[in-house]
Protein chains: 2
Amino acid sequence: MAAPTLKDVALRAGVSVRTVSNVVNDYVYVADDTRARVQAAIDELGYRPNLLARNLKLGRTKMLALVVPELDVPYFAELARLIIHEARTAGYTVLIDQTDGDERRERELVTEDARGVNFDGVIASPLSLTEEALEGRRASAPVVLLGERLFAAGVDHVAIDNVRAAREATEYLFSLGRRRIAAIGVQHESTGTAKLRTIGFRGAFAAAGAVVDEDLLVEVGHYHREDGAAAMARLLDLPEPPDAVFCFSDLLALGAQRVALARGLSVPEDLAVIGFDDIEDGRYATPTLTTISPDKAVIARSAVRQLIARIDAADEAAEPAQSVQIEAPYRLVVRESTQGRISTGGS
Amino acid sequence: MAAPTLKDVALRAGVSVRTVSNVVNDYVYVADDTRARVQAAIDELGYRPNLLARNLKLGRTKMLALVVPELDVPYFAELARLIIHEARTAGYTVLIDQTDGDERRERELVTEDARGVNFDGVIASPLSLTEEALEGRRASAPVVLLGERLFAAGVDHVAIDNVRAAREATEYLFSLGRRRIAAIGVQHESTGTAKLRTIGFRGAFAAAGAVVDEDLLVEVGHYHREDGAAAMARLLDLPEPPDAVFCFSDLLALGAQRVALARGLSVPEDLAVIGFDDIEDGRYATPTLTTISPDKAVIARSAVRQLIARIDAADEAAEPAQSVQIEAPYRLVVRESTQGRISTGGS
DNA sequence: CTGAAAGCGCTTACAG
DNA sequence: CTGAAAGCGCTTACAG
């Protein structure tokens, strides 16, 4: 009843465990007849190698940890899907650590010593990780960070140019003739994405020679639909409501759009809405959502490959190489929420 | 540079590894001063137990595998979030296996011998697993299945009563006075959810003394937005289009609704739409989506607890207990897509 | 091409 | 309450 071991197979095939191991691991120098005999024993016994023992011996697990704040945020779910796919292609399984945005857990997972642990490396999309936390990091498992750019931290990153993307989104709204342009998603506490996108937003105003009405910059606790909804409600209660809004995530945009529509506004006629992330949701909303679309496939692929390269490099005990900053492409995807209208006519 | 081991700590504290292990594992019978001395050594060395070694020794990993077709389908993402949360509460980490609906992979993960593997148990939400596959299963790791009911298979299940839920949804449409009621989501190949919901749908017709117009039953390849959109387009091209549609998932419903709106129909005036799953998406769509809402928290909690109970029972080597069928509650959530309208007026 | 043997770092039955 | 020692099931340097 106990699972057959390498030793059981060796006994049955009349060879040493060494040879069985060689067969199991497709080692080349095994005589054909030996291999056949061993394979027969394996099949008869239904032998399957014990991964736990292999892990201990080799010191690696062929598992990657993916650290995300919330798996049910579509952007993370879509990214997770791609990352799992890439990892699988490379022979790795993904273990998900959901932090719920808890900074302490993010920090632990990314900065703590991770030797002898169940994964070989970490891909993390931190919400609130500070540069200081990263400076003091003593993790032995390689880490690749997603979606932020905390320079000087000596950690590999994959991200789009958030400043430029945000500026493009805002400039596009200017180009439509909008003048009272709001932004939803500012976070003063943030060291990351929110700050960069705010800089881009302001940059577009500067370039247009326009002045930012600070009342139109709305801070949010999270990047969820409900935060977008609450923010929009506040904006619409202003004496002079906006005629366009740039939301720092598609979820914020969908929440904002919902409130605008529910209050009887026409989108885009009365209010142009643009989001960020290009989640599938926005492609089926009515109106469909204009958005900044980061190339998630490139982000996932780059992150997995870079991480695995680090893992392999660690095996060869080379000196720690320079940290790498990978810039993924993005594009502005124009849909109905800023330009078209659905065929129902209206207004 | 090498990570400190139990032995290093023992040497430094002047005790045996046994004692260090006792301290690390909070074994009660350790003298206070011994404990203090060992703890000091642990802190000085920065010792952290090697999980890989512990796994091998104990034969378990405190990891659960979650097998889902696609992580970026919101229903699975929301469920995954809850499952990860529950697992964490119980001291388990979750490893995600994404099958892309590939039946072979589903089968392998659920039915193969899983001794000496990186997880202690499996929660699976199979798309195409057949009863036969389950009959022949020789997995040693416990399995809990989600969302289907393949009786007689001797595997634990957690599911809502899909037949009753589907009938209720359909009866509700009848109660609104709708008569040409379509269904999107039929799958003739399916052994699971789709079949059960179809039965419920037909049951409502039977109860109402109405005849199902087979042209209004639309089969789909997947339960995605695009499938719902394509199905709706077909229905609207019918000489006598439906006045209501029951979609077997919210994604199908959102796709269907999008097409209806884009063609200038009013929802719910011209077409009532009801979905299944209650994903957050539907709560912010315009109009908001009426749906069957399975209690995902209960599903996640029941699944994790049942699985862990099996894992613990296996430790005690009791005889394999009867399989358990856990029925989770659900409710019909009525929103704008079947009754209200947004304040913009219209029609 | 293959064998005998060490060792990865833990946990724990057995003594005391 | 603690020690000395075996063993979980692999991989692999060392010989031959």
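## Strand pairing and aromatic contacts

In chain B of this predicted model, strand S6 and strand S7 (residues 217-219) pair in the parallel sense over three bridges. Within S7(B), Val218(B) is the bridge partner of Ile184(B). A further parallel pairing joins S6(B) to strand S8 (residues 244-247) of chain B, over four bridges. In S8(B), Phe246(B) stands opposite Ala183(B). Strand S6 of chain B spans residues 181-186, and six of its six residues are buried, so the strand is largely enclosed by the rest of the structure.

Over all chains, the count of aromatic pairs comes to ten. One of them is formed by Phe174(A) and Phe205(A), an edge-to-face pair with 5.0 Å centre to centre and 75° between the planes. Phe174(A) belongs to helix H8 (residues 162-175) of chain A, whereas Phe205(A) belongs to helix H9 (residues 193-208) of chain A; the pair therefore ties together parts that are 31 residues apart in sequence.

The burial of these two residues follows from the cut-off of under 20% relative accessible area. Phe174(A) has a relative accessibility of 10% and so counts as buried. Phe205(A), at 3% relative accessibility, counts as buried.

Phe205(A) also pairs with Phe201(A): the ring centres are 4.9 Å apart and the planes are at 50°, so this pair is tilted. The tilted class follows because planes under 30 degrees apart count as stacked and those over 60 as edge-to-face. Phe201(A) and Phe205(A) both lie in helix H9 of chain A, four residues apart, which is about one turn of the helix. Both residues, Phe201(A) and Phe205(A), are buried. Phe174(A), Phe201(A) and Phe205(A) form one aromatic cluster. The geometry of the two pairs described is given below.

| Pair | Centre to centre | Angle between planes | Class |
|---|---|---|---|
| Phe174(A) and Phe205(A) | 5.0 Å | 75° | edge-to-face |
| Phe201(A) and Phe205(A) | 4.9 Å | 50° | tilted |

Contacts between a charge and a ring complete the account. In chain A, Arg197(A) lies over the face of Phe276(A), 3.5 Å from the ring centre. In chain B, the ring of Phe276(B) has the charged end of Arg197(B) over it, at 3.5 Å from the centre of the ring.

Notes
Residues are numbered from 1 along each chain as its sequence is written. Chains are lettered from A and ligands numbered from 1 in the order in which they are written. This is a predicted model: local features need pLDDT of at least 70, side-chain atom pairs count only at pLDDT 80 or more; totals for chains, interfaces and linings use all residues. Side-chain values use heavy atoms; hydrogens and water are left out. Rings of Phe, Tyr and Trp (its six-membered ring) pair if their centres lie within 6.5 Å; planes under 30 degrees apart count as stacked, over 60 as edge-to-face and the rest as tilted. Helices (H or I, at least four residues) and strands (E, at least two) are DSSP runs, numbered from the N terminus. Buried means under 20% relative accessible area, exposed over 50%, partly exposed in between (1.4 Å probe, protein chains only). A charge sits over a ring if NZ of Lys or CZ of Arg is within 6 Å of the ring centre and within 35 degrees of the ring normal. Two strands pair if DSSP finds at least two bridges between them.
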